[in-house]
Amino acid sequence: MTPVGPAPTYNVTMRAPLHNYFVNDLLTANSHSVCYGVLAYRTAYLKAHYPAHFWAAVLTSELNDSDKVARYIERARAQGVEILPPDVNISEHGFTATEGRIRFGLMAIKGIGEATVDAILAARAQGGPFRSLFDFTERLDPKALNRRVLESLVKSGALDGLPGTRAQKFAAIEAALEQGLQAHRAAAAGQVSLFDTLSAGADQAPEAALPKVPDWTAKESLAGEKATLGFYLTGHPLAGFRETLAARKSLSYAQLAGQTPGDTVSMGGVISDFTVKNTKKGDRFAVFSLEDETGSIEVIAWPETFRRLGEQVTDGAAVLVTGRLEIEDGKPTRIVAEAAEPLEGLQERHARSVTLHFAADALDTAQLEKLREVLDRHRGERPLIFALSLPNGAEVRLRAHHTFSVRPSPALVEDLQAGFPGCTVVLQ
């Protein structure tokens, strides 16, 4: 910029609703724009030097808009701000900044109303941290608590600080609600049970009352977070497919911006907002969002493609989509799908051979017989290759007879890794 020297300034009062006017052929705003300028400067300073506080304030201002919350959380993460999960023993109504990180606000959990949050905070302030799921339901007013609320709290991870797994607490919801209701009825009637009298002041193990059920898979836990928080908090469904996506030359959403409109691209992601529509001729086609760890893009599968895809595209499915990229104003806007394939087992389905890396001295007669039993369960058409490491450091490769050809699959890899810890399986 080149200084041009001082210039006269005029303070002109305008009658509403006119706020802009011309001075010396220049469009000039009314003087209150100075206030906006100062506010913008202060906000920018806060964002640059106190990002956790800045984004906590922004997120709290958009508590009721889950789409904006998810979008702003991604921006906060991009600036290096860690998002901590909601916690009934720590979280407040809104998002709070703590030691450079942001704690998720209870009001931002889908299915949780203000009355419930007020009840949680009041009970916590009066009786201290909650000790268990049953302690939680006993101390909260039953009017502020129901099955839907507890399901949202469990799925979001807000009860992770209490004993038990998410699956155990989810399975105990009905029992916990009933116990809480009975406790409030007894308190209202002024009753104290003999058990309560004997156990007063004694340490109890509330987790022992939880049912013994299998824990949720990572996929189930992440799906619960997505449903209640609007985004994946503790991980991402694509995390386990990174090697597969790299092998298939999949582009991330962030990388799509460097492509040319009309390019054929492949992108791995999780399907959401899956919708089936009809053309004017009555043919069915699908529109959905494809989300990876860097963003999401709209995908459209026209009737012919949609018929080929069948049940491979549905809400929550992790897939690799290949199609023609559309870009508007420098921003990727849509992929017109030509193909889509589930990521689960993708690498195995496309493998042309299976190589087993062993130490040569690890395969004795017993091990070979055990290996033969495993391979018999996975007969197929892909060649099997042994890569044997010799004591002198050299490697010998042997191609097995075609009768030992296998069918690559996640089950084959799992069986080999379980039965032969020293074996490395390479799919090519």
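Asp273 is exposed, at 56% relative accessible area (exposed means over 50%, buried under 20% and partly exposed in between, with a 1.4 Å probe and protein chains only). Asp273 sits in strand β6, residues 264-278, and its phi is near 55°, a positive value in a residue other than glycine. This is a predicted model, where local features need pLDDT of at least 70, side-chain atom pairs count only at pLDDT 80 or more, and totals for chains, interfaces and linings use all residues. Residues are numbered from 1 along each chain as its sequence is written, and side-chain values use heavy atoms, leaving out hydrogens and water.

**The whole protein**

- You'll find 16 helices and 15 strands here (DSSP runs numbered from the N terminus: helices are H or I with at least four residues, strands are E with at least two).
- Of the 428 residues in the protein, 38% are buried.
- Take the contacts with a separation of 6 or more: 59% of them join residues 24 or more positions apart (contact means heavy atoms within 4.5 Å).
- The accessible surface comes to about 24900 Å², and 52% of that belongs to carbon and sulfur atoms (areas come from the Shrake-Rupley method with a 1.4 Å probe; for residues, only the protein chains shown count as cover).

**The nonpolar cores**

- The largest nonpolar core has 50 residues, and those with the most contacts inside it are Phe95, Ile102, Phe104, Phe136, Leu150 and Leu153 (a core is a set of buried Ala, Val, Leu, Ile, Met, Phe, Trp, Tyr and Cys residues joined through side-chain atoms within 4.5 Å).
- Two or more residues of this core come from each of α2 (51-61), α3 (66-78), α4 (114-127), α5 (133-139), α6 (147-156) and α8 (173-189).
- Leaving out residues up to four places away in sequence, Phe136 touches Val88, Ile120, Phe130, Leu145, Leu150 and Leu153.

**How α2 meets α3**

- The axes of α2 and α3 come within 10 Å and cross at roughly 175° (axes are lines fitted to C-alpha atoms, for helices over the stretch in contact, with angles from 0 to 180 degrees between N-to-C directions).
- That makes α2 roughly antiparallel to α3 (over 145 degrees counts as roughly antiparallel).
- On the α2 side, Trp55, Val58 and Leu59 meet Val69, Tyr72, Ile73, Arg75 and Ala76 of α3.
- The residues of this contact divide into seven nonpolar, no polar and one charged (Ala, Val, Leu, Ile, Met, Phe, Trp, Tyr, Cys and Pro count as nonpolar, Asp, Glu, Lys and Arg as charged, the others, Gly among them, as polar).

**Two buried arginines**

- Arg166 belongs to helix α7, residues 166-171, and counts as buried at 11% relative accessibility.
- Beyond its neighbours within four places in sequence, Arg166 is in contact with several residues, among them Asp160, Asp215, Trp216 and Glu225.
- Arg103 is in strand β5, and is buried because its relative accessible area is 13%.
- Arg103 and Ile90 are 13 residues apart in sequence, with 8.2 Å between their C-alpha atoms.

**Another positive phi**

- Most residues other than glycine have a negative phi.
- Glu99 has a positive phi of about 55° although it is not a glycine.
- Glu99 is in the loop between β4 (96-98) and β5 (101-103), and counts as exposed at 72% relative accessibility.

Conventions: Angles under 35 degrees count as roughly parallel, over 145 as roughly antiparallel, 65 to 115 as roughly perpendicular and the rest as oblique.
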